[in-house]
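Subject: Structure for you to look at, with notes

Dear colleague,

I am handing over the structure below, and I would be grateful if you could read the notes with the structure open beside them.

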Amino acid sequence: MNELTFIFQRFNWLSALDLFLVTLVFFGVLLLVRDTQAMVLLRGVLLLVVALSLLTSLVSLPAFSWLIQTIAPTLVLAIPVIFAPEIRRGLERLGRAGSPAAIFWQQSEKDVSTMRETIQAVVSACARLSARQHGALIILQRGDSLQEYIRTGVRLNAKVTPELLLQIFYPNTPLHDGAAIIVRDQVAAAACVMPLSASGILNRSPERQMGLRHRAALGTSEATDAIAVVVSEETGSISIAHGGRMIRRLDSERLENILMAFYQPPPKTSSLSDWFRRNRKPPAFREDIER
Ligand SMILES: Nc1ncnc2c1ncn2[C@@H]1O[C@H](COP(=O)(O)OP(=O)(O)OP(=O)(O)O)[C@@H](O)[C@H]1O
C-alpha cells in the first residue's frame, strides 16, 4: 500500500506520456501481428515466459534460474529473426501508409460510382471466366500503392471492361500468366508477379488443391490492403482474398456484394472509433473465412 502511494505521489504528466508511449508500442505490435500466425507464436512465448517466471520465483532452483537468465537475452535477439516476415510487412505497410494514394484514397462519391462500374465489369468477367474455366488473378488496388508489382508486368492503362479481362486471361496468350492489377477504373498492368503467401492457410484447406495462383492472391492480401479475386483454372470456382483471409466458392452475386462492401462511401467524420470500424472486415466476410 505504501509503495502504491509512493508511486502515485511521483506520478506526473511525464509518467503519463511514458506510459502512453509504452502502450502505443504494444498496441502497434499487436495490430501488426493480429490475425497472423505470429499471434499464435506470441501467445506461446508469453505463456512460456509466465510459466518460467512463476517457476523460478516460487521455487528455489538456482541452476535452472541461471540457465533461464542466460538464455533470455538470446531469445530477445531471436524475436526479430522469428518475426522477420511480419516486421517486414508491417514496415512496408507503414511506408505505404504515407503515400498520397493512401491519403486521398476513395474520398468522393464520384470515386465510389467509378468503383461500382469497375466492380460490375470484374464480376461479369469472373462469371464468364469461371464458366469457361479460364484461370485468372485480378488485384484491385485500394489505399496501398501497388506500383512495385505493376512494374513487374506489362503496362496497359486501359479502361476495365469484361472483354478486356477475358482477353487478358485467355489461355496461352502472352498476358494470361500472372495478375492483372486494377487501379480505379483502369487495368494498370497485366502479367504481374505478386508476392506468394508464406502462411500455411492454403496447405490446411480441406481440398489442398490450391497452388500458386491462390497463394499469390493470399500473399497480396497479406502484404497490402488490396483485394484479390481468383478464378480457378481447375474448378472454375471464384475466390476472394483480403487481409490474409480467403473466401471460396463464390457466386457472382456474393462476389459483387463483398466487393461493394469494400467501397462504401467513407464516413463524414473521422474519429478513432471510425478508423476501427473502417478497418474491420465487412459482415459478409466473417462467416466463412478460411483460416
Ligand atoms: N507470384 C505470382 N503472381 C501472379 N500470378 C502467379 C504467381 N505465381 C503463379 N501465378 C499464376 O498461377 C498460375 C499457376 O497456377 P496454379 O495451377 O499453380 O495455381 P492454382 O492456385 O492451383 O490455380 P488453378 O486452380 O487455377 O489451377 C501461373 O500460370 C500463373 O499465371
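Strand β3 (residues 179-183) is covered on both faces, since A179, I181 and V183 on one side and A180 and I182 on the other are all buried, where a buried residue has 20 or more other C-beta atoms within 10 Å of its own, an exposed one has 12 or fewer, a partly exposed one falls in between, and the C-beta atoms are placed from the backbone. Because five of the five residues of β3 are buried, this strand is largely enclosed by the rest of the structure. Strands here are DSSP runs of E with at least two residues, and helices are DSSP runs of H or I with at least four, both numbered from the N terminus.

Please keep in mind that this is a predicted model, in which local features need pLDDT of at least 70 and side-chain atom pairs count only at pLDDT 80 or more, while totals for chains, interfaces and linings use all residues. Residues are numbered from 1 along each chain as its sequence is written.

On one side, β3 is joined in parallel to strand β1 (residues 136-140) by three bridges, and I139 has I181 as its bridge partner in β3. Strand β3 also pairs with β4, in the antiparallel sense and over four bridges, with I181 standing opposite A189 of β4; two strands are said to pair if DSSP finds at least two bridges between them. The hairpin of β3 and β4 has two residues between the strands, and R184 takes a positive phi near 55° there.

I138 touches V122, L165, A179, A180, I182 and V229, if residues up to four places away in sequence are not counted; contact means that the C-beta atoms of two residues, placed from the backbone, lie within 7 Å.

Helix α7 also holds C126, which counts as buried because it has 28 C-beta neighbours inside 10 Å. Leaving aside neighbours within four places in sequence, C126 is in contact with V229, V231, I238 and L255, and the C-alpha atoms of C126 and A136, ten residues apart in sequence, are 8.0 Å apart in space.

V193 lies in the loop between β4 (186-192) and α10 and, with 13 C-beta neighbours inside 10 Å, counts as partly exposed. V193 touches T152 and G178, again not counting residues up to four places away in sequence, and although V193 and G153 are 40 residues apart in sequence, they are 6.8 Å apart in space, C-alpha to C-alpha. N172, in the loop between α9 (162-168) and β3, is exposed, with 6 other C-beta atoms within 10 Å, and its phi is near 65°, a positive value in a residue other than glycine.

As for the ligand, G211, L212, R213, S232 and E233 come nearest among the 17 residues around it, a residue being near a molecule or strand if its C-beta atom, placed from the backbone, lies within 6 Å of it. Helix α10 (residues 212-223) supplies the largest share of this shell, four residues.

For the chain as a whole, there are twelve helices and seven strands, and 27% of the 291 residues count as buried. The UniProt record, an unreviewed entry, places the feature "transmembrane region" at residues 12-33, 40-60 and 66-84; its positions are given in the numbering used here, feature names are shortened, and annotations may be inferred rather than shown by experiment. In the model, residues 40-60 are 90% helix and 0% strand, with the end C-alpha atoms 31 Å apart, while residues 66-84 are 95% helix and 0% strand, with the end C-alpha atoms 29 Å apart.

With best wishes
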